[in-house]
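Hi,

Here is the structure I promised to pass on.

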Amino acid sequence: MKTGRTKTAASSQGRWANSGNGIELYPVDIDHPVFTAVVSPDTAFWALVDKSELAGVFSDDHSLYREYRQKAEVFEHEMNALRSGQKPSAVYVNPTERCNLDCSYCYIPGEMRKDGRDMPKEELIDALGRMKRYFRRNTPEDYKPEVIFHGSEPMLNREAVFTAIDYFSDDFRFGVQTNGTLLDRESADFLMSRGVGIGFSLDAPEALLASRTRKTWSGDGVYDSVVQAIELVKGYDRYSVICTVTKENMAALVDMVDFFHAMEVPVCMLNPVRCTRVGGRMMKPDDAAMANYYLKALDRTHELYRETGRKLVVANFANILLAVLAPTARKLMCDISPCGGGRCFVALSAKGDLFPCSEFVGLPEFNGGSVFHEDIDDVLEKAPFRKVTGRMVEDIEPCNRCAIRHFCGSPCPAEAYSLHGTMQSPGAFCELYEEQVRYAMRLIADGKADDFLEDNWENSVETVFDLALSSPA
Ligand code: SF4
Ligand code: SF4
């Protein structure tokens with residue numbers, strides 16, 4: 001796998017930053033009164049440097065320069081291992097093609113959601129048995145792979161899903177991503193008693209706005225039933241709520257955060273709408289405007305934490321913050337290149353076909369083949385998967401000269417492919433990533449990063465480079 005720069009045999013001794021064989025170290029303004037970041041794009045190494053010291057950092061007698069120069073190759077090796085040394089350890093399963101809702105931005109084609117098939121219970125057990133055998137060969141013995149049932153609406157095939165959860169209780173950790181409208185007391189109790197992660201979707205803190213994007217086939221909003229479903233799991237520590245950010249609701253993100261916090265939601269995601277299908281493209285918010293509202297929402301989560309002592313973690317931002325703090329500790333989903341699709345997880349359609357990610361389920365050219373008829377190792381090597389797992393941020397303009405490219409990864413290949421006809425192009429929201437990384441570094445500079453992460457996140461992280469000189473105390 002090709003990663004990073006191609007090194008050639010130039011005669012340069014590599015003494016000077018940013019020329020010849022020298023290390024790459026670029027200043028990145030983070031809009032902080034005291035600090036500027038210096039970032040090495042290939043390794044994702046960074047340091048916060050007092051602005052008054054900045055010029056000195058690029059001299060070969062500066063301690064940060066010297067120490068980083070010594071360690072750059074090791075860091076590059078670690079980054080390459082992170083990007084290439086993964087095998088899937090999770091599967092996103094669509095147990096049905098059908099959905100009782102017709103959300104404006106859904107990535108699954110409407111005809112599939114309206115008239116599609118349910119995967120019969122026996123087929124689901126068979127498919128998960130095959131995934132289990134694959135995972136057993138490719139993950140450590142003490143590791144429990146993850147199965148996430150998600151959309152269309154998995155609760156439309158509840159009996160098969162619940163049977164599989166009990167059947168494989170010793171083999172997998174489970175999650176269910178649901179629109180919430182079909183979750184009753186009995187279902188909620190079943191899922192909580194088995195420790196299943198539950199994800200809901202809600203796009204606004206009030207009914208009228210929520211119904212602009214999430215609604216039934218006859219156009220009715222579902223806000224009340226979703227809020228009731230979330231109430232059913234109050235106090236459970238394994239649930240979260242996704243708010244898909246569109247041009248309709250971006251101005252309400254601060255209110256959304258207030259609402260989630262008041263409902264005692266522990267974790268939410270404020271995910272920009274994917275523009276893979278035309279419905280998503282119609283709902284696309286302006287990148288810069290959304291970034292502005294998004295950062296205000298993050299500010300608000302912090303105010304609420306300071307006021308109440310209770311966190312509302314915005315998981316998609318927390319992942320970016322972790323990418324900055326400890327690249328190897330992050331969950332490898334969208335914010336790295338190659339992304340997690342086909343590399344850290346696969347998607348299984350209700351017909352039993354394997355795709356690199358559910359985002360590709362509506363794109364038949366990315367169907368890798370049937371889990372029932374093909375060897376999963378072979379499927380992972382086929383062109384539909386290789387195209388996604390081989391998408392490198394270094395091959396994309398302007399990402400190839402972006403200092404924060406390993407904190408962002410230029411998601412999403414499905415979106416880029418649909419928007420531009422090629423995956424070697426950026427996704428729809430560059431500025432949102434720029435602003436998130438700058439915000440993350442400001443938090444670190446001000447000693448506030450922990451307030452935005454789940455408690456005890458640092459237990460799984462090792463400090464590899466801790467140069468107090470140029471970093472804030
Ligand atoms: S970037 Fe797109 S294809 Fe990759 S994991 Fe995220 S949603 Fe899936
Ligand atoms: S999408 Fe933007 S922020 Fe992300 S790597 Fe590309 S240029 Fe950088």
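Helix H9 (residues 253-262) packs on helix H11 (residues 287-308) at an angle of about 30 degrees, and their axes are 8 Å apart. This is a predicted model, so please read everything here as computed from it. Angles under 35 degrees count as roughly parallel, so H9 and H11 fall in that class. The crossing of H9 past H11 is right-handed. On the H9 side, the residues in the contact are Leu253, Val254, Met256, Val257, Asp258 and His261, and they meet Tyr293, Tyr294, Lys296, Ala297, Arg300, Thr301 and Leu304 of H11. By class, that contact has eight nonpolar, two polar and three charged residues.

Phe317, Ile320, Leu321, Val324 and Leu325 make the contact from H12, with Gln436, Val437, Ala440, Met441, Leu443 and Ile444 on the H17 side. The class count for H12 with H17 is 10 nonpolar, one polar and no charged residues.

Proline 398 sits in the loop between helix H14 (383-389) and H15.

Which residues are around ligand 1? They are Met333, Cys334, Cys339, Gly340, Gly341, Cys357, Glu359, Pro411, Cys412, Pro413 and Ala414. That shell has eight nonpolar, two polar and one charged residues.

There is another cis peptide bond, joining serine 337 and proline 338, with omega about -10 degrees. Proline 338 lies in the loop between H12 and strand E11 (345-348). For context, most peptide bonds are trans, and most residues other than glycine have a negative phi.

That brings me to aspartate 31, a residue other than glycine whose phi is positive, near 60 degrees. You'll find aspartate 31 in the loop between E1 and E2.

Those strands belong to an open sheet of three strands in the order E1-E2-E3, with antiparallel pairing. Strand E1 (26-28) and strand E3 (45-50) are at the edges with a single partner strand each, so one side of each has no neighbour in the sheet. On average, neighbouring strands of this sheet are turned by 35 degrees against each other, ignoring direction. E1 and strand E2 (residues 35-40) run antiparallel and are joined by three bridges. If you want one to inspect, valine 28 has alanine 37 in E2 as its bridge partner.

Over to you!

Technical notes:
Residues are numbered from 1 along each chain as its sequence is written. Chains are lettered from A and ligands numbered from 1 in the order in which they are written. This is a predicted model: local features need pLDDT of at least 70, side-chain atom pairs count only at pLDDT 80 or more; totals for chains, interfaces and linings use all residues. A residue is near a molecule or strand if its C-beta atom, placed from the backbone, lies within 6 Å of it. Ala, Val, Leu, Ile, Met, Phe, Trp, Tyr, Cys and Pro count as nonpolar, Asp, Glu, Lys and Arg as charged, and the others, Gly among them, as polar. Axes are lines fitted to C-alpha atoms, for helices over the stretch in contact, and angles run from 0 to 180 degrees between N-to-C directions. Helices (H or I, at least four residues) and strands (E, at least two) are DSSP runs, numbered from the N terminus. Angles under 35 degrees count as roughly parallel, over 145 as roughly antiparallel, 65 to 115 as roughly perpendicular and the rest as oblique. A crossing is left-handed if the near helix is turned anticlockwise from the far one by less than a right angle, and right-handed if clockwise. Two residues are in contact if their C-beta atoms, placed from the backbone, lie within 7 Å. Two strands pair if DSSP finds at least two bridges between them.
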